[in-house]
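Please read it alongside the model.

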Amino acid sequence: MGNLLIRKANKLDVDSIAKIHVDVWNTTYTGVVSSKYLAGRTCEKQAEGWLERVFNNTESNEVVYVAEADGGNVVGFASGAVRVGNDSFDGELYTLYIFQEYQGRGIGRALFNTIASALHGQGAKTMILWVFAYNPACAFYEHLGGKMVDRRLIRKGGEDIQAVAYCWEDLCQFRGLDFISSEDVY
């Protein structure tokens with residue numbers, strides 16, 4: 001059907017990352033997070049945030065990868081980092097977002113594998129992810145072998161929303177799975 005390229009993101013990708021970030025929140029979290037909060041999440045603000053957090057921050061250890069499809073259009077991204085401290089999990093998947101129309105085509109798995117492999121390459125042996133409990137992606141994370149290990153409330157837009165943590169206790173299984181490109185993935 002088409003080609004998929006997973007590659008390390010750079011500053012030139014920030015507008016695409018911001019658009020995906022805003023769009024996916026709007027399609028996934030409408031009715032769960034306040035509409036006022038969602039309206040305040042503009043592409044411009046998200047781009048500024050990504051620049052400050054990752055691309056202009058020389059002290060950031062966060063890795064970001066993008067998925068290109070349909071001739072080079074960025075249709076998804078994921079990020080994560082090795083965690084510092086005495087935590088049970090030394091890696092964390094922070095984000096994994098794909099435009100709704102590209103979901104269910106293997107892009108999420110490719111991004112997930114790439115982040116897990118990258119974190120393992122930086123020394124992480126385990127990984128955790130926090131996600132809103134009602135999110136349909138919970139089934140996706142369970143399918144990838146994630147085990148629910150914790151719950152907590154996260155405050156967004158003045159409201160408390162239930163979140164759950166999934167963990168992967170052995171990132172060795174993802175070693176070498178950097179998913180750089182593939183023919184006919186979706």
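1. F77 and Y97 are both buried (under 20% relative accessible area, with exposed over 50% and partly exposed in between; 1.4 Å probe, protein chains only). The model is predicted: local features need pLDDT of at least 70, side-chain atom pairs count only at pLDDT 80 or more, and totals for chains, interfaces and linings use all residues. Residues are numbered from 1 along each chain as its sequence is written, and side-chain values use heavy atoms, leaving out hydrogens and water.

2. Y141 and W168 form an edge-to-face aromatic pair, 6.3 Å centre to centre with 75 degrees between the planes. Rings of Phe, Tyr and Trp (its six-membered ring) pair if their centres lie within 6.5 Å; planes under 30 degrees apart count as stacked, over 60 as edge-to-face and the rest as tilted. Helices (H or I, at least four residues) and strands (E, at least two) are DSSP runs, numbered from the N terminus.

3. Y141 is buried, with a relative accessible area of 5%. W168 is likewise buried, at 1%.

4. A single aromatic cluster is formed by W25, Y29, Y37, F132 and Y134.

5. By the pairing rule, the count comes to 12 aromatic pairs. F77 and Y97 form a tilted one, at 5.7 Å centre to centre and 45 degrees between the planes.

6. D15 lies in helix α1 (residues 14-29). D15 is exposed, because its relative accessible area is 56%.
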